[in-house]
Amino acid sequence: MVPMLCALANVMAWLCAGEILSRLNIVPVPGPVIGLILLYCHISLEGKLSEELGAVSDRLLQFLGMLFVPAGVGVVGHLDRMSAEALPIAGAVIGGTAVTILATAFAADRISGRAASSRAKLESNGQVEVQDAAA
Amino acid sequence: MPRLDPTGWLTLAQHPAMAVGLTVIAFFLAIRIQRLGRGSVLLNPTLVAITITAACLHALGITYETYMKGAGFMHFLLGPAVVVLAIPLYRQTPLIISSGRLLGASLAIGLPVGIITAVGIAWALGATSETILTLAPKGATSGISIGVSEKIGGIPVLTAVLVICTGVSGAIVGPPIMRALGVTDHRVFGVTMGISAHGQGIAEAFKVSEVAGAFAGLGMALNGVLTAMVIPISMTLIR
């Protein structure tokens with residue numbers, strides 16, 4: 001009971017700190033994100049994650065999809081904007097996402113390929129050229 | 001039969017029990033509906049729950065403002081939910097270190113391309129500046145992007161829905177694009193899905209493997225945190 005409250009208090013304390021820093025405009029970043037970074041630093045400095053804090057996180061993140069519903073319902077007030085700007089919105093959402101996936105996967109694949117081939121180089125010095133030629 | 005007078009009805013509609021209750025039941029039904037639809041990404045539970053809730057409010061003649069007085073509590077929980085994203089990130093710290101180059105390269109490309117394509121395509125197709133600002137943080141997970149949208153002058157509620165649409169479209173187009181590119185590395189698949197399609201991308205990645213899922217989680221969390229810093233900071237620099 002008490003350790004659980006302690007974990008909750010921990011999360012809320014960093015959220016409050018994040019909101020304060022965000023409002024003070026020292027860093028123009030949303031409060032919860034500052035809270036996330038502060039909590040990460042806090043756990044890293046402690047060097048271990050308490051079981052209760054892990055449980056609080058797992059429970060809360062399990063229902064993350066549900067927590068977006070109240071905000072999402074607000075879209076009914078913007079349906080006229082959505083239909084007026086349907087083309088740019090759909091283009092950015094669908095086209096933008098497809099291009100992002102293409103670019104990210106391409107970059108990541110090249111890096112992972114290079115890492116794999118340099119590992120092959122480390123493991124077997126002389127045979128790399130043969131492997132490359134085969135590929 | 002006893003009847004509620006109009007003011008009684010209004011106070012009841014504002015009560016958290018009604019608003020939160022409606023939202024939770026709508027989400028429960030949405031999960032059931034997705035199961036009936038064999039887990040189709042198009043039947044995203046959040047989008048379905050939004051539709052059910054909005055339809056109920058419309059049928060009952062309750063305004064969004066009235067509903068939000070009760071459901072505000074649930075919306076508030078997004079704050080702590082974003083803070084606790086630190087925990088999965090902390091658990092995966094060894095993975096961040098061992099795959100630093102892969103994650104770094106993916107983020108160095110995925111993050112700017114995500115923002116620039118969203119803003120650029122919307123601008124080129126004639127979107128208003130408010131809509132462009134609403135779309136800019138679409139690559140970050142909803143909890144974060146709503147905050148960014150608020151911070152830079154977008155429409156947070158619209159961002160919330162468009163972020164989910166981004167996730168859904170990413171989950172649909174991502175796997176065929178990566179097949180076409182010949183991606184075989186599960187880490188690459190995961191990190192790409194996490195960076196471009198956040199929550200829904202993670203779900204797709206877990207269908208491939210545990211490794212892909214873990215990298216998707218990392219991609220989403222790191223992309224979210226960095227987007228929350230990059231967009232507002234570059235906005236203040238431009239102004």
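This is a predicted model: local features need pLDDT of at least 70, side-chain atom pairs count only at pLDDT 80 or more; totals for chains, interfaces and linings use all residues.
Helices here are DSSP runs of at least four residues, numbered from the N terminus. Looking at contacts in chain A between residues at least 6 apart in sequence, 38% of them link residues at least 24 apart.

Chain B comes in two parts: domain 1 covers 6–76, and domain 2 covers 86–238. Their C-alpha centres are 27 Å apart. Where the two parts meet, 6 residues of domain 1 of chain B are in contact with 6 residues of domain 2 of chain B. On the domain 1 side of that meeting point, 4 residues are nonpolar and 2 are polar, with no charged residues.

Next comes the place where the chains touch each other. Chain B puts 90 residues into this contact, and chain A puts in 65 residues. On the chain B side, helix H11 (residues 156–181) of chain B supplies the largest share, with 16 residues. Sorted by class, the chain B side holds 61 nonpolar, 24 polar and 5 charged residues.

What about the inside? The largest nonpolar core has 108 residues. Val33(A), Leu36(A), Ala49(B), Val83(B), Val84(B), Ala86(B) and Val191(B) are the residues with the most contacts inside this core. As background, nonpolar side chains in soluble globular proteins tend to be buried together. Setting aside residues up to four places away in sequence, Val191(B) touches Ala108(A) in the other chain, and within chain B it touches Leu102(B), Leu103(B), Ser106(B), Phe215(B), Ala216(B), Leu218(B) and Gly219(B).

Is Gly110(B) buried or exposed? A residue is buried if 20 or more other C-beta atoms lie within 10 Å of its own. Gly110(B) has 27 C-beta neighbours inside 10 Å, so this glycine counts as buried. Once neighbours within four places in sequence are left out, its contacts come from both chains: Thr100(A), Ala103(A) and Thr104(A) on one hand, and Ile195(B), Ser196(B) and Asn223(B) on the other.

Definitions and conventions. Residues are numbered from 1 along each chain as its sequence is written. Chains are lettered from A and ligands numbered from 1 in the order in which they are written. A residue is buried if 20 or more other C-beta atoms lie within 10 Å of its own, exposed if 12 or fewer, and partly exposed in between; C-beta atoms are placed from the backbone. Two residues are in contact if their C-beta atoms, placed from the backbone, lie within 7 Å. Domain bounds come from an automatic or database domain assignment. Ala, Val, Leu, Ile, Met, Phe, Trp, Tyr, Cys and Pro count as nonpolar, Asp, Glu, Lys and Arg as charged, and the others, Gly among them, as polar. A nonpolar core is a set of buried Ala, Val, Leu, Ile, Met, Phe, Trp, Tyr and Cys residues joined through C-beta atoms within 7 Å. Helices (H or I, at least four residues) and strands (E, at least two) are DSSP runs, numbered from the N terminus.
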